[in-house]
Amino acid sequence: MISWLMHRMTNVVMDAIVNRVLQDPYTENLFSFLTIAQKLTPRAIVEAGMRAESGKPLERPLGSPVVLSPWEKLLFNPVHLYRLPTPDGVQIATEVTIGPRARRPLSLEIPVLISGMSYGGALGLKAKLALARGASLAGTATNSGEAPLIEEERKEARFFIGQYNRGGWMNTPEQLQQLDAIEIQLGQGAQAAAPMGTRSWQIDETFRKRFNLAKGEDARIHTRLPGMNRVEDFPPLVRELRERYGVPVGLKTCATHYLEHEIDVALEGEIDYIVVDGAEAGTHGGPTILQDDVGLPTLHALARTVRHLERRGVKRDVSVIAAGGLTTPGHFLKAMALGADAVYIGSIALVAMLQTQMNIASPFEPPVQTALYHGKFKEDIDVEKGAEHLAKFLKSCVEEMRMVAYALGKTDLNQIDRSDLVCVDRELARLLGVDYAGLPREEQHLAWTEEKNPWDFAGPIPGEPRSEREPDAPPPVH
């Protein structure tokens, strides 16, 4: 009886809903929720409500949901008889050197580095310690972000890259001399060079002491480096840092349409490495317009950076680190094949580090509340467990990258280059300087009959030394 009654009631309700959806005009129809959401997108609707509530710019954590780098259109070329795959048991080398021209180059065991995520401005101390310890266990480097040198973090980091930053907090000799590389931070993919900072009312006593702030003073990140008011001021700064500290000096910017010009300015100072930080890069909570609508996608910016360095004949001397939206070992290795010497990871490193510890905040708070400096659960992180999970993640990624090297017939990840890729999109293939998948290698010229291939250049720009990548030697067959 109860079953029959429930069936009848459900049938009546469903009939009423279906009749209303099919008969009511759109202005009275519940179905309009769906079409409105399709037009405006659920994200825009929710963010409009947030803006209407606060009247202030939104600060979305971990970057933009807009991903314009089509990594999935690139595929590796395995070999069988073109050349033989690498024999079982041959060790695949993964080491990388950043800044080979520096007096003290940065040599790492793996080419996956932890990106700049600052203490205080972004992450809590325990999150930073877990990232540093996990990177050390994996034989790679971590990055300070826009923050002062935190002694606890430096002790955990076997290799530590510090950002010479627009807030001025890492820019003293006492701190710079403790670094394994100096990264001049003029901007980042998710925020460009817009002014940022932390308001004084958000700053506790610990934060204030570490950042050397007066009571009531904001922690401000300016649009420019302190004391740099002309483009011409940049090359002397690079030369001074290189000469004084001997470690690699790099440049990090938001990837921009003017990147070739900006690279040329950096080359005047003999820059050691360049970070290509694309628009898909993450952030602790930057304005949505900067995340979604500013800068170049990582893939396009990387291709242009590598092409320009090759044109200048300095690619062998100037290392490239790709960053921004790289989340899988496939992304990492494709970036390297396109010319990056290494990659930075940020958001995905946090996810790996937190692993099951994301449950600390859920289900009533978002997982970022566990990692952020102002997060409600920042003190609940188990540093040892987080470090172990991050190290395992990095090991897993590198092992997968090694498997591709075997299939390509290579013995070193650094041997993998553009010739090991194909692209299923003809125009993207042209942009990236890789073969188009729709034509055999000997017919690739047919894909560019109407336009000159941008990767066909006779030599470096006059006056610059010629530097070419050594041709790959096939691995021995045992």
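N143 touches I114, S115, G116, M117, K128, E153, F160, I161, Q163, E183 and Y344, leaving out residues up to four places away in sequence; touching here means heavy atoms within 4.5 Å. This is a predicted model, where local features need pLDDT of at least 70, side-chain atom pairs count only at pLDDT 80 or more, and totals for chains, interfaces and linings use all residues. Residues are numbered from 1 along each chain as its sequence is written, and side-chain values use heavy atoms, with hydrogens and water left out.

Me: Why is N143 called buried?
Reply: Buried means under 20% relative accessible area, exposed over 50%, partly exposed in between (1.4 Å probe, protein chains only). N143 has 0%, so buried it is.

Me: What makes C397 count as buried or exposed?
Reply: Its relative accessible area is 4%, so C397 is buried.

Me: And what about C423, buried or exposed?
Reply: C423 comes in at 0% relative accessible area, so it's buried.

Me: Why are helix 4 and helix 13 called roughly perpendicular?
Reply: Helix 4 (residues 125–138) and helix 13 (residues 347–354) pack at about 95°, with axes 11 Å apart. Angles under 35 degrees count as roughly parallel, over 145 as roughly antiparallel, 65 to 115 as roughly perpendicular and the rest as oblique. Therefore this pair is roughly perpendicular.

Me: Which residues meet there?
Reply: A127, A130 and L131 in helix 4 meet A349, L350 and M353 in helix 13.

Definitions and conventions:
Axes are lines fitted to C-alpha atoms, for helices over the stretch in contact, and angles run from 0 to 180 degrees between N-to-C directions. Helices (H or I, at least four residues) and strands (E, at least two) are DSSP runs, numbered from the N terminus.
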